[in-house]
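I open this notebook to record what I looked up in one structure.

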Amino acid sequence: MSYERVLLANVEKPNSHTLAVYEAGGGYRALRRALKELSPADLVAMVKASGLRGRGGAGFPTGQKWLFLPKDFSGPIYLCVNADESEPGTFVNRVQMELDPHQVLEGVLLSCYATRAGTAYIYLRYEYGLCWRRMQAALDECRAAGYLGQNILGSRFSVNVHLHRGAAAYVCGEETGLIESLEGKRAWPRIKPPFPAVEGLFRKPTVVNNVETLCCVKHIVDRGVEWFRSMGTPPDPALPHDHGSFGPKLFGLSGHVARPGCYEAPLGITVRELIDRLGGGVRDGRKAKAAVLGGLSTGVISESEFDTPLNFTAPGRVGCLGLGTGCVTVFDETYSMVDFLHNSCRFFAHESCGQCTPCREGARWALEILDRIRAGRGRPSDLDLLQEIGDNLGIAPGTTICGLADGAAWPIKTTLRKFREEFQRAVSGRWPVAGETDPSSIFSTPGH
Amino acid sequence: MSTQLDAALRSQIESLFPRYPTRQAVVLPALHLVHERLGWTPIEAIVELAELLGLAPSQVQDTLSFYGFFKQDRPQGRYRVWVCRSIACAPCGGEELLEHLCKRLGIRPGETTADGRVTLEFAECLGACDQAPALLVNDTLHGNMTREKLERLMETWR
Ligand SMILES: Cc1cc2nc3c(=O)[nH]c(=O)nc-3n(C[C@H](O)[C@H](O)[C@H](O)COP(=O)(O)O)c2cc1C
Ligand code: SF4
Ligand code: FES
């Protein structure tokens, strides 16, 4: 199957991060055309018609989100670019910002034009130092070339774009945590409603979109709605609320695979195709046992579920939260799922912001149980207890403010159900199940 | 009289003001500038920063205390090293890498070498899972770490 890469079209060119190379490949053509030929409303209509859904994890239809902004609002509107990318297993936004920062900026500018946002803040996780430097340089080049600032390309469109650096906290990726953090406060997610489109950054109407989502906007303008809808999975007639899964997607592949990396394919490629065809199969000739399907929060699938398509609906059919970030982490037969779940619970216990009791206490409690199991002191009843914690955490059961708790819950629920036998062996005194682990080691501590 | 934030640092912080409609929004970028310059964010600096931003010191301190990144117990090492322990790095040798670094440096995560050179930490996913195991030195990612690569990298920590 031949597939023309668009999101990654530039990344292998020398100096792909510079304006000259980006322009030589047709860069900023879409912006020029939009400013001449399209009104903001036309652009919103195109994005809506394309069926584009957010690439940051929740899969919300982008056009619909933009339409939630108040009509004819006279005050400032903000665009927040979510470049916090901290979902474990996820790294595709990094590849885009390091190797093709102008693609990101063109998407940002087009989206500001569509939503009438006068200022965009790019909230970038601290750890992405090269992205920081490349995005900063790209902004400077952009400003000098007249793509950014007042009266862009001689039009009446003006916009400011600022980089804003995070400080290593996962919850800043949650859209209202991001907004609070941008305002200079602790990143405590807000209770919704009001949604950001109505009352967001500095209490003004705000759109929050992921880096890859905004890049898709650029390609929709450049290549058209029909092109975008020619790829992916149409809506499932059995699911009345399914908007379909259209367009290209970046898939991160990591863990025990021969060729880890960032791959581009149409939505709907299966996990197995991603691993075997693009990633060269499992490392060292071993067999796969499981995979995280779309970033840690979505939960795990077993090897027998690897034919699951990576689109917005199929992951739900194998008991996972959803497509998430589309980043797959593979574990081979030698890796212990008890270790995996321990790692997961340690992460969420560490990153819970502490506002909601079920999240703050539940994540830590689950970690303590797994610490005990790994120390060889597990009890058979621990498994039901863990399951109960998993079932009661999150927005879905309605006990928390934000989706971080759901992210903690899905790995617990899916791992316990799909690999129960391994846990049963662990609590019946036959730990370690795979690999040698010193339970008293530094790896048990949740950290600060 | 100002002792922590010198004139250059102050003007660097002030140059950020036009970017945001509130002074509070400058807190995080300003904390980064202070931490970069001083190697930590002692309470004396926070008091001065608050004054510069027209905020109460407690407002700045409240924000700071949320982000484990900013330290107030002691200046951090010139090289802050974060070793990833998350889901892709752990099964690909990340935990052994951290353990090895602990031995080589004679410190545990959260500690700084006696000569003030290196501070060691563990990190959650660094977003470099395609290069597991990965670590971050200040803000530069280093991937596909092996013991040999680590030795070469450590030689640059002077
Ligand atoms: C705990 C948590 C962390 C999140 N982290 C990110 C992130 O790092 N990047 C991102 O784009 N979205 C993240 N999201 C999703 C955002 O809340 C939001 O849905 C997204 O930025 C919207 O953009 P999109 O519609 O373009 O995907 C996170 C959500 C939660 C609950
Ligand atoms: S669910 Fe967890 S992270 Fe989200 S607001 Fe509540 S305590 Fe904070
Ligand atoms: S798991 Fe280590 S960088 Fe992502």
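The entries below treat conventions, cores, cavities, salt bridges and backbone geometry in turn.

**Entry 1: conventions**

I noted that this is a predicted model, in which local features need pLDDT of at least 70 and side-chain atom pairs count only at pLDDT 80 or more, while totals for chains, interfaces and linings use all residues. Residues are numbered from 1 along each chain as its sequence is written, chains are lettered from A and ligands numbered from 1 in the order in which they are written, and side-chain values use heavy atoms, with hydrogens and water left out.

**Entry 2: nonpolar cores**

I first looked up the nonpolar cores. A nonpolar core is a set of buried Ala, Val, Leu, Ile, Met, Phe, Trp, Tyr and Cys residues joined through side-chain atoms within 4.5 Å. Buried means under 20% relative accessible area, exposed means over 50%, and partly exposed lies in between, with a 1.4 Å probe and protein chains only. In soluble globular proteins, nonpolar side chains tend to be buried together.

Which residues have the most contacts inside the largest nonpolar core? I found Phe340(A), Ile373(A), Ile13(B) and Tyr67(B), in a core of 94 residues. Helix α13 of chain A, residues 337-351, gives the most to this core, with 8 residues. Helices (H or I, at least four residues) and strands (E, at least two) are DSSP runs, numbered from the N terminus. A second, separate core has 72 residues, including Trp66(A), Cys112(A), Leu124(A) and Val207(A).

I then listed the contacts of Ile13(B), where contact means heavy atoms within 4.5 Å. Leaving aside neighbours within four places in sequence, Ile13(B) touches Val26(B), Ala30(B), Leu33(B), Val34(B), Leu49(B), Leu52(B) and Leu53(B).

**Entry 3: cavities**

On a 1 Å grid over the protein atoms alone, a cavity is a set of points where a 1.4 Å probe fits but cannot get out, and lining residues have an atom within 4 Å of a point. Grid points are joined across faces, edges and corners, and a volume is the space filled by probe spheres set on the points.

How many cavities of 30 Å³ or more are there? The count is 2. The largest cavity holds about 90 Å³. Its lining has 13 residues, and Cys353(A), Cys356(A), Cys359(A), Cys402(A) and Leu404(A) lie nearest its centre.

Among the residues that line it are Arg190(A), Pro194(A) and Arg203(A). Its lining has 3 nonpolar, 2 polar and 3 charged residues.

**Entry 4: salt bridges**

I counted 38 salt bridges over all chains, a salt bridge being a side-chain nitrogen of Lys or Arg within 4 Å of a carboxyl oxygen of Asp or Glu.

Lys192(A) pairs with Glu174(A), with the closest N and O atoms 2.6 Å apart. This pair links distant parts of the chain, 18 residues apart: Lys192(A) is in the loop between α8 (175-182) and β4 (206-210) of chain A, and Glu174(A) is in the loop between β3 (160-165) and α8. Is Glu174(A) buried or partly exposed? Glu174(A) counts as buried because its relative accessibility is 19%, whereas Lys192(A), at 22%, counts as partly exposed.

In chain B, Arg104(B) forms a salt bridge with Glu151(B), the closest N and O atoms being 2.7 Å apart. Arg104(B) lies in helix α5 (residues 94-105) and Glu151(B) in helix α6 (residues 147-155), so the pair ties together parts that are 47 residues apart in sequence.

**Entry 5: backbone geometry**

I returned to the loop between α8 and β4 of chain A, where Pro193(A) is found. A cis peptide bond joins Lys192(A) and Pro193(A), with omega about -5 degrees. The bond from Pro193(A) to Pro194(A) is also cis, with omega near 5 degrees.

Arg203(A) is found in that loop as well. Its phi is positive, about 65 degrees, although it is not a glycine. Arg203(A) is partly exposed, with a relative accessible area of 47%.

Conventions
1 Å grid on protein atoms, 1.4 Å probe; cavity = no way out; pocket = protein on both sides within 12 Å on 5 of 7 lines; lining within 4 Å. Nonpolar A, V, L, I, M, F, W, Y, C, P; charged D, E, K, R; others polar.
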